Structures are given as structure tokens and as C-alpha cells.
Amino acid sequence: MPDFVGAVDQGTTSTRFMIFDHGGNEVARHQLEHEQILPRAGWVEHNPTEIWERTRAVIETALNRADLTASDLAALGITNQRETTLVWNRRTGRPYYNAIVWQDTRTDRIAAALDRDGRGDVIRRRAGLPPATYFSGGKIQWILENVDGVRAAAEAGDALFGNTDTWLLWNLTGGPDGGVHVTDPTNASRTMLMDLETLDWDDELLSFFGVPRAMLPEIKPSSHPGLYGVTRAAGPLGGEVPLSGDLGDQQAATVGQVCFAPGEAKNTYGTGNFLLLNTGQELVRSEHGLLTTVCYRFGDDKPVYALEGSIAVTGSAVQWLRDQLGIISGAAQSEALARQVDDNGGVYFVPAFSGLFAPYWRSDARGAIVGLSRYNTNAHLARATLESICYQTRDVVEAMQQDSGVVLDVLRVDGGVTANDLCMQLQADILGVPVSKPVVSETTALGAAYAAGLAVGFWSSTEELRSNWQEDRRWEPGWSDGQRSRGYAGWRKAVTRTLGWVDVD
């Protein structure tokens, strides 16, 4: 068997390709950003063709850097930004419209209408999700209703829907020339269209959004031998490699963090924050603003479920300081600036740019900076930005404890923001539990590689994967209980100031 496994990690701001060895160690990588298209306030789009071109480029470059070819890869896995919605023509491969990104809020009226007439309760019960702009179903409906020719093409079977995993799988396996139209339960569970118990598209949910079933990909397990076919020799790999793993990015990070036992949790810090708690084969329905989702399904095993707290804006708040305000030149500078002060100086920043996700689910919220006085400087704002990442995480942890009864004894973390030492120390302080980062911080790509490698026998079991995990750094809480309580009370007060800012019909 070949010595390596590859993983495509198609994220919100960039696409990377990583190659791992049997020990789960990184062998090579390449990464390219893609354009963030912002046509109107609240609208966020990506160019699907650019994403496919970037994917081809990162695969080819990473292989060349490692002096490897397709024959050196035992399998290929894919992980992706979830909920981001693409519709394209099956015959030509051309997208009908830009990808509508998970952060996009143009479907707020669709989501609000679902709750007004009771359909929202059906979605919560069957799909495990609240009606929200976040998920794919409303985005598909918007494209069907607003882009000329798509409705007719969908009803004729010519228009295909997919999140970016499906788009890449289709292209990697041939595109218009026999491309495979598939997804896995972790991605399908983010659409408001799949029944969590049957793991199949639900006709009543489809009717709520007017989505023809013919548009939808086949749902197959997240890891299975030969599941998605093989790459085309004419593609970026230059040879046939089994496509045997597919996981939405946050579930992939959960696998990469080897959270295989009920009660184990991880938090990924990226564009947003996503905290997942493995609940095993038990489907736990949240009563405190969390999502019930599929964690993974390996082969013919029963699905494993999770509770998820999804936070829209965390790392992207730091990007906002850089790109919109210009008070830092790069993400790393946020830590140096924030270290110039000992506390937030009474300033709280609630970055509700796309409304508030878990546990509030308020699309009428918008960002607010509160508590300002003439005393405050850009350093206080930088620190308040880092604290906002941590306070939003605490909101989710509190809800998770209420839903599951699980009290965390440690929080496993990954993602780009974990390079910020001050932010991770603040996270431990604000939560009051240790924070632990693994040696391989890119756990999203690693989880996709694990899913693909398990399917073809490159790794024998999840227990073997556990032996690969090693801690790189641990942060212990340093705040007193009183300091922690006062800080969190200020945060909750600041959140109330963001609510009801936008009128949603």
C-alpha cells in the first residue's frame, strides 16, 4: 500500500491540500486564498470556478513539493465549508450563480416565514436545526426563485445542488463526463432537508423550500472503501486515487481531534468558532440553542451524533480589524496590540456581523462596541476582539452543559486562532478549564485524511488514530472566580445591546 494519504480542505477563505504519513504527520501542504465577494450588506459569495481552479493548483503544487505522484497516495479525503450553496448544470459544469456562503443573510425573510407558520418546529424536530439563514435550504430556494432558468433546469434534472464537498467530488471524478453527485451525512445534515434518523432527504422538508429531489446528491457514509469512485487521470492528481472520505469541516476536526467517545469535545477557531460534543449514537435534541447534527458515519456502522455550537464571527473579527479598520497589518499583530493593556478597559465587542448564531439564533442582531470612554485605545479594542472569541465560546459551553449534563474537564482546540497565545490564555481564564492544543493543529484536513485512510485500511481502527494524538501546548486558567463572573456578566449585558437592530419581516 502507498505510504501517504491526501486531504483537500476547502474552507471559507482558502483551499489547502495536505499530505499525511501513517503517524498523522504533515508531509506537505499548499494553500491559496480565494476572493470574498460582497455584493450588498449581508451578502457573501464565492466564485465556484475559482474554488475548483484553486483546488487543482494546491493539489499539484503540494505533490510537486513533496516529489510525490498519485501512485504515492493510498486515498484522498475531502473536507469543506459547510452550508455554502452551489447550483450548477450537470451537462456543462457551469454554475448558475456564485456560491452563497454560510455567512450570507439574504434569506432572513425565508427563515422568519418558516417560524411564523409552524414549519420551523417540523424542521427542528426532523432536521435538528432552527430555521436560520445559516443553512443551505433557504439558499437553494433563493437561487431557484431569483436566477433565471434554474427552476426549469432543476425540474428537468439538469441543475445540481451541492455544498463545496459535492462540487469538488463531482469535478474530481469527471465533472460533466461521469462525475459522481454525492455527499455525506455530516454535510447533508446542514441543509434543513435531511431527516436525522433516516439519514435521507425528507419530502416534507423539501416541500417547505420548493426543492426538487432530483437536484440533490446521494447521501453516502463519511468513510467507505471506494465510496466516491476515483480521481480522473486527467485531473490535478494525474492518476486514479480512491476518493474514500468526506466530512464537513467541523466534523472533520472532531475526527482529527480523535473525539470518538461520547462526552469528548473540540473547538475549532477559524472564520467562526465551532464547538462539537460527541453524543455517541444517541440523538440529543437541544433545548438551549444548539444544533443536533451528524458527527460522522463510518462504513456500515450506525451514525454518531453531536451537539454543536456554531458561532459566525470569531477569526473574521480579527480580519475586520485588519481589513476594515486598518488598526493592525496582520492577524499576528492583534496579540501584540492587545498585550499593551492589562484588561479590556470596560470595552466589549460583540461581532454580530451576520446576526448571532448559537445559542441565540437572532438574525436581527448586528455588531456593537460598547463601554467606550476617552480612556480607551485601539489596544483595548484589540483585546475586546480576542475576548469576544472566548466569551462566545463560553456561551456555547454553558448551553452544552445544560443540554447534555457534560461538564468539560478540558477543551481541545484547533484552527488558526490557536496560534494566538493570549487568546488561548483568555479562553482558559474565561471558561475556567484547561485548554489543550495538539501537535498537528490542522485537524480539519487531518480528520478528512483519517476518514479516507480508515476506509482503505491505511489505518486499522479509531484506536490506532488515538495513538497519533499528542499535546503540543496547554493553557491553565488564571482568573479568580469573581473576575470570571464579572467579565461574563459584562459580556451578557453587551449582547443585549445588539438585539433587535435589524427589522426582519
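**Aromatic rings, pockets and cavities**

The structure holds 23 aromatic pairs; rings of Phe, Tyr and Trp (its six-membered ring) pair if their centres lie within 6.5 Å, and planes under 30 degrees apart count as stacked, over 60 as edge-to-face and the rest as tilted. One of these pairs joins Phe-260 and Tyr-296: the ring centres are 5.9 Å apart and the planes stand at 85°, so the pair is edge-to-face. Because Phe-260 lies in the loop between helix H9 (249-256) and strand E14 (265-269), while Tyr-296 belongs to strand E16 (residues 291-296), the pair ties together parts that are 36 residues apart in sequence. Helices (H or I, at least four residues) and strands (E, at least two) are DSSP runs, numbered from the N terminus.

The model is predicted: local features need pLDDT of at least 70 and side-chain atom pairs count only at pLDDT 80 or more, whereas totals for chains, interfaces and linings use all residues. Residues are numbered from 1 along each chain as its sequence is written, and side-chain values use heavy atoms, with hydrogens and water left out.

Phe-260 is buried, at a relative accessible area of 12%, and Tyr-296 is buried at 7%; buried means under 20% relative accessible area, exposed over 50%, and partly exposed in between (1.4 Å probe, protein chains only). Trp-320 and Phe-353 form a tilted pair, with 5.2 Å from centre to centre and 50° between the planes. Trp-320 lies in helix H10 (residues 315-325) and Phe-353 in the loop between strand E18 (348-350) and strand E19 (368-370), so this pair ties together parts that are 33 residues apart in sequence. Phe-353 is partly exposed, with a relative accessible area of 30%. Elsewhere, Trp-102, Tyr-134, Phe-135, Phe-274, Phe-357 and Trp-361 form one aromatic cluster.

Rings also meet charges. The charged end of Arg-119 sits over the ring of Phe-208, 5.8 Å from its centre, and Arg-412 lies over the face of Trp-469, at 4.0 Å from the ring centre. A charge sits over a ring if NZ of Lys or CZ of Arg is within 6 Å of the ring centre and within 35 degrees of the ring normal.

On a 1 Å grid over the protein atoms alone, a cavity is a set of points where a 1.4 Å probe fits but cannot get out, and a pocket is an open set with protein on both sides within 12 Å along at least five of seven lines; lining residues have an atom within 4 Å of a point. The largest pocket is lined by 43 residues, and Thr-13, Tyr-269, Gly-270, Thr-271 and Gly-416 lie nearest its centre. H10 gives the most to this lining of the largest pocket, with five residues.

H10 also gives the most to the lining of the second largest pocket, with six residues. Of the 27 residues that line the second largest pocket, those closest to its centre are Leu-38, Val-44, Gln-103, Gln-324 and Phe-353.

The largest cavity is lined by Ile-311, Leu-356, Phe-357, Ala-358, Tyr-360, Gln-392, Asp-395 and Trp-491.
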